[in-house]
Amino acid sequence: MKTLKIAIQKSGRLNEKSVEILKNCGLSFENYKSSLITSVNNFPLEILFLRDDDIPEYVQDGIADLGIVGENVIVEAGAQVTYLQKLGFGKCTLKIAVPNQSNIDSIQQLEGLAIATSYPVILEKFMNDNDVKNVQIRTISGSVEIGPGLGLSDAICDIVSTGGTLKSNGLKPFAEVMKSEAVLIGKEGSELIPEVQELLQRIRSVMRAKETKYVVLNVAKKDLENVVNLLPGVKSPTVVPLHEEGWVAVHSVIAEQDFWEKINLLKAAGAEGIVVMPIEKIIT
Ligand code: PRT
Ligand code: ZN
């Protein structure tokens, strides 16, 4: 059996969630902060811990078969890799921002101005796509938000999540360049490897489980149809008799996003004693 390699971030914003998703897939491994590589005991997989910027090329060149990294880093690197699965964490947006007192509120007004960024490739493409000419892109590797204050640039293009960093530096965002989240990427063709397919299936079942809750409730038989109509279940809800005559328990799953709305509708339809539980995995 081929031993695969997956590259994840060694330390930083994506490290913890990357380790967590692999552990939730049932993979058992030591996660020493000092090690650069670790073996999984119960799956033919080695984990490489790298700087996030190195991950797209490592995967493109086949040094690692798989990687977990932000889309912003993949696009900036221009790496030829296959997107296998968006992972739902590390969400952020690459935005253009200007000082609060600036009158600029459209990207066309950036013509001829200087923009500081750590994402010159993405920014240049965005400016070309929008036909904004003669923008001077000043590439800096960190603390982009201080560019305008230092007189280095008129605007910045940087990753934003809460917006707190922009705010505390007197900057306001006005244009969105790209949205990003962590993705599982593979070397081109890796999706055909059986062990990759197995891992992907596990990741998807963990993600599906996270988005859903297991619900058990009691209902009088006369109200059963109304309650069942509100519940999808994986196939259809399970209904079991209660000891008390005329009552049943209904077991089902509901999407996290519909949770509160559904619970209120279920109560109104006659559901009682509603118990909601987290789900570990859903294998379909
Ligand atoms: O050491 P290494 O090179 O591996 O890590 P790094 O320092 O380059 O990256 P890291 O750990 O900061 O981020 C890894 C990935 O997380 C990024 O490539 C994004 O895909 C994603 N991500 C999600 C973020 C943020 N949110 C984020 N808020 N990356 C950076 N930021 C920074 C941003 O640059 C700015 O300085 O946080 C600040 C803005 O945050 P708010 O909350 O104030 O808006
Ligand atoms: Zn980095």
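Asn-134 counts as exposed, at 64% relative accessibility; here exposed means over 50% relative accessible area, buried means under 20%, and partly exposed is what falls in between, all with a 1.4 Å probe and protein chains only. Asn-134 sits in the loop between helix 4 and strand 8. Helices (H or I, at least four residues) and strands (E, at least two) are DSSP runs, numbered from the N terminus. Before going further, please note that this is a predicted model, in which local features need pLDDT of at least 70, side-chain atom pairs count only at pLDDT 80 or more, and totals for chains, interfaces and linings use all residues. Residues are numbered from 1 along each chain as its sequence is written, chains are lettered from A and ligands numbered from 1 in the order in which they are written, and side-chain values use heavy atoms, with hydrogens and water left out.

The backbone of this loop deserves a look too. Phi of Asn-134 is near 55°, a positive value in a residue other than glycine. Asp-131 lies in the loop between helix 4 and strand 8 as well, and its phi is also positive, near 60°. As background, most residues other than glycine have a negative phi.

## Helix 4

Walk back from Asp-131, which comes just after helix 4, and you reach the helix itself, residues 120–129. Ile-122, Leu-123, Phe-126 and Met-127 are its buried residues. They cover an arc of only 130° around the axis, which puts them on the same side of helix 4; the arc is taken from the directions from the helix axis to the C-beta atoms.

## Helix 1

Helix 1 spans residues 15–24, and Asn-15, Ser-18, Val-19, Ile-21 and Leu-22 are buried in it. Seen down the axis, these buried residues fall within an arc of 165°, so they line one face of helix 1. Their cover includes strand 1 (4–9), strand 3 (45–50), strand 4 (66–70) and helix 7 (194–210). Just after helix 1, Gly-26 has a positive phi of about 85°.

## The zinc site

Which residues hold the zinc ion (ligand 2)? Asp-52 (OD) and Asp-53 (OD) coordinate it, at 2.1 Å. Donors are N, O and S atoms within 2.8 Å of the metal (3.2 Å for Na, K and Ca), and water is not among the atoms, so sites may look incomplete. The four donor atoms subtend angles of 75 to 175° around the zinc ion, which makes the arrangement irregular. For reference, four donors count as tetrahedral if all angles lie between 85 and 135 degrees; four count as square planar and six as octahedral if opposite donors are over 155 degrees apart and all others between 65 and 115; anything else is irregular.

## Pocket and cavity

Asp-52 turns up again at the largest pocket: of the 37 lining residues, Arg-13, Asp-52, Asn-72, Tyr-119 and Ile-159 lie nearest its centre. The volume of this pocket is about 1100 Å³. Helix 3, strand 9 and helix 6 (164–168) each supply at least two lining residues, and the largest share, four residues, comes from helix 3.

The structure also holds one cavity of 30 Å³ or more. Its lining is made up of Lys-10, Asn-15, Asn-31, Tyr-32, Lys-33, Ser-35 and Phe-49. On a 1 Å grid over the protein atoms alone, a cavity is a set of points where a 1.4 Å probe fits but cannot get out, and a pocket is an open set with protein on both sides within 12 Å along at least five of seven lines; lining residues have an atom within 4 Å of a point. Grid points are joined across faces, edges and corners, and a volume is the space filled by probe spheres set on the points.

Thr-162 lies in the loop between strand 9 and helix 6 and is exposed, at 77% relative accessibility. Thr-162 and Thr-93 are 69 residues apart in sequence, with 9.7 Å between their C-alpha atoms.

Gly-246, in the loop between strand 13 (238–241) and strand 14 (247–255), is partly exposed at 30%. Beyond its neighbours within four places in sequence, Gly-246 is in contact with Val-219, Ala-220 and Lys-221.

Notes: Contact means heavy atoms within 4.5 Å.
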